[in-house]
Amino acid sequence: MTVVVRLAEVTREHGDVRALKGVNLEVAAGELVAVMGPSGSGKSTLLNLAGGLDRPTSGTVTVEGADLATVKDLAAFRRTSVGYVFQDLNLIPSLTAAENVMLPRELDGVRQGRARAEALAVLEEVGAAEVAGRFPEELSGGQRQRVAIARALAGERRLLLADEPTGALDTATGDAILQLLRARCDAGVAVLLVTHEPRYAAWADRVVYLRDGLIVESTSVRLESAR
Ligand SMILES: Nc1ncnc2c1ncn2[C@@H]1O[C@H](COP(=O)(O)OP(=O)(O)OP(=O)(O)O)[C@@H](O)[C@H]1O
């Protein structure tokens, strides 16, 4: 079992607010872990720390063996190792769907032709090939979500972080999104998924419950035979 991300005794304080109070969590390659818990319990904070978007007050975060505190170019590290589906998607309005997916790869030095080919392949994989040339404002909510996921999947990233990726989507689209994440996971990617919905958490191998900045419960949910 290859551990892709490990949080060890991680705390995060914002002034007097202790968003995380000593969290230990490992996610292995091929494992989908759902993070649940009430609003304000620290779920987004946990995800941001796991992806190097935020730094812990104490404790260590290790991604693919690298202690994030010692990584010099964290932005570059994130682009190559971590796929992130943001709650508000963060698609760039002036770029087409394909260009949005290509951008992080091009920033990494991948040539335009190859980045485009990759983008089209991954858009196809998420069922959004037909919108490759459209701009975000021309897309439905579900299509935007698929494009954001395609952007997170492009390249050989080993860690995928998704913060409520099913957002306000209808159940069928939400299920399709989870199916996609599950397929990536089964192909060897480690996935950390924040969700409020037990329906989606049921796709996970393990559910961890956060309360007041602590993991209060961790449950194995998915049996191999159920897949
Ligand atoms: N930048 C910040 N400055 C101050 N407090 C913050 C900051 N970010 C988060 N917090 C606080 O840390 C706690 C955890 O927040 P977090 O967003 O991680 O919770 P959450 O479980 O993701 O909530 P939700 O389900 O509403 O998204 C909350 O009390 C929040 O108000």
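Two residues are taken to be in contact if their C-beta atoms, placed from the backbone, lie within 7 Å. By this criterion, and leaving aside neighbours within four places in sequence, V194 is in contact with V35, K43, S44, L47, A162, D163 and E164. The structure is a predicted model; local features need pLDDT of at least 70, side-chain atom pairs count only at pLDDT 80 or more, and totals for chains, interfaces and linings use all residues. Residues are numbered from 1 along each chain as its sequence is written.

V194 lies in strand β8, residues 190-194. Helices (H or I, at least four residues) and strands (E, at least two) are DSSP runs, numbered from the N terminus. V194 is buried, because 22 other C-beta atoms lie within 10 Å. Burial requires 20 or more other C-beta atoms within 10 Å of the residue's own; 12 or fewer make a residue exposed, and counts in between make it partly exposed. V194 and E31 are 163 residues apart in sequence, and their C-alpha atoms are 14 Å apart in space.

D108 is found in the loop between α3 and α4 (112-125). D108 has 12 C-beta neighbours inside 10 Å and therefore counts as exposed. Beyond four places in sequence, D108 touches R79 and T80.

Helix α3 (residues 97-107) packs with helix α5 (residues 141-153) at an angle of about 25°, with the axes 8 Å apart. That makes α3 roughly parallel to α5. Roughly parallel denotes angles under 35 degrees; over 145 is roughly antiparallel, 65 to 115 roughly perpendicular, and the rest oblique. Axes are lines fitted to C-alpha atoms, for helices over the stretch in contact, and angles run from 0 to 180 degrees between N-to-C directions. On the α3 side, A97, N100, V101 and P104 make the contact; on the α5 side, V147, A150 and R151 do. By class, this contact of α3 with α5 has five nonpolar, one polar and one charged residues.

The largest nonpolar core has 65 residues. Among its members, V35, V101, A150, V191 and L193 touch the most others. Helix α5 gives the most to this core, with six residues. A150 touches V101, V122, L123, V126 and A128, not counting residues up to four places away in sequence.

Terms used. Nonpolar A, V, L, I, M, F, W, Y, C, P; charged D, E, K, R; others polar. Core = buried A, V, L, I, M, F, W, Y, C linked by C-beta atoms within 7 Å.
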